[in-house]
Amino acid sequence: MPPSHHSPDPVPAQYARHGCWVVVACGEFDADTVEPLERALGRAAAEGFAVVVLDVGAVTFADSGLLNLLVRTHRATTLRIAGSPPQLRRILELTGADQALHLYPSVDDACADAL
């Protein structure tokens with residue numbers, strides 16, 4: 001049996017910043033790989049943070065699995081999405097989700113708006 005390929009941690013960091021909880025997402029997200037990110041966002045929402053910021057700057061692929069997670073999290077807490085790469089922004093625009101979700105150019109912008 002060949003050795004398994006180790007993929008990078010899809011949620012390499014989580015931290016507090018200016019009263020927000022920031023979750024960093026990295027890599028590819030689809031229905032089969034979104035679960036670690038779903039756990040992290042669910043914990044942040046359950047902990048009662050007023051604002052959860054999802055840093056998606058290092059997301060390299062996303063499909064409806066991630067989009068569905070974003071919408072569900074948006075319904076559960078105040079979700080702000082920071083640093084959307086062009087591919088993710090296009091999905092958000094094509095589906096109209098960009099009109100419902102709160103998009104910011106950076107984590108700093110998303111957190112500053114929460115102050």
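Modeller: Before we start: contact means heavy atoms within 4.5 Å. Also, keep in mind that this is a predicted model.

Colleague: Fine. With that cut-off, which residues is L103 in contact with?

Modeller: Leaving aside neighbours within four places in sequence, L103 is in contact with I81, S84, R89, L92 and D98. L103 itself sits in strand β5, residues 102-104. As for R89, its C-alpha atom is separated from that of L103 by 9.1 Å, and the two residues are 14 apart along the chain.

Colleague: Buried, exposed or partly exposed: what makes L103 one of these?

Modeller: Buried means under 20% relative accessible area and exposed means over 50%. L103 comes out at 22%, so L103 counts as partly exposed.

Colleague: And why is T77 called buried?

Modeller: The cut-off for buried is under 20%. T77 has a relative accessible area of 13%, so the label buried applies. T77 lies in the loop between α2 and β4. Not counting residues up to four places away in sequence, T77 touches A45, F49, A50 and V52.

Colleague: There's another threonine, T73. What makes T73 count as buried?

Modeller: T73 has 7% relative accessibility, so T73 counts as buried. T73 is found in helix α2, and beyond four places in sequence T73 touches L41 and L79.

Colleague: Let's zoom out. How many helices and strands are there in the protein?

Modeller: Five helices and five strands, running β-β-α-β-α-β-α-α-β-α from the N terminus on.

Colleague: What share of the protein counts as buried, then?

Modeller: 38% of the 115 residues. In general, nonpolar side chains in soluble globular proteins tend to be buried together.

Colleague: What makes a set of residues a nonpolar core, and which residues have the most contacts inside the largest one?

Modeller: The set must be buried nonpolar residues joined through side-chain atoms within 4.5 Å. The largest such core has 25 residues, and V23, L37, L54, L66 and L70 have the most contacts inside it. β2 (20-29), α1 (35-46), β3 (51-62), α2 (64-76), β4 (78-82) and α3 (86-95) each supply at least two residues of this core. The largest share, five residues, comes from β3.

Colleague: Which residues does L54 touch?

Modeller: Skipping residues up to four places away in sequence, L54 touches V23, A25, L37, L41, L70, L79, R80, I81 and A82. There's also a second, separate core of ten residues, including C20, V22, V107 and A110.

Technical notes: Residues numbered from 1 in each chain as written. Predicted model: local features only at pLDDT ≥ 70, side-chain atom pairs only at ≥ 80, totals over all residues. Heavy atoms only, no water. Helix = DSSP H or I, 4+ residues; strand = E, 2+ residues; numbered from the N terminus. Buried < 20%, exposed > 50% of the residue type's maximum accessible area, 1.4 Å probe, protein only.
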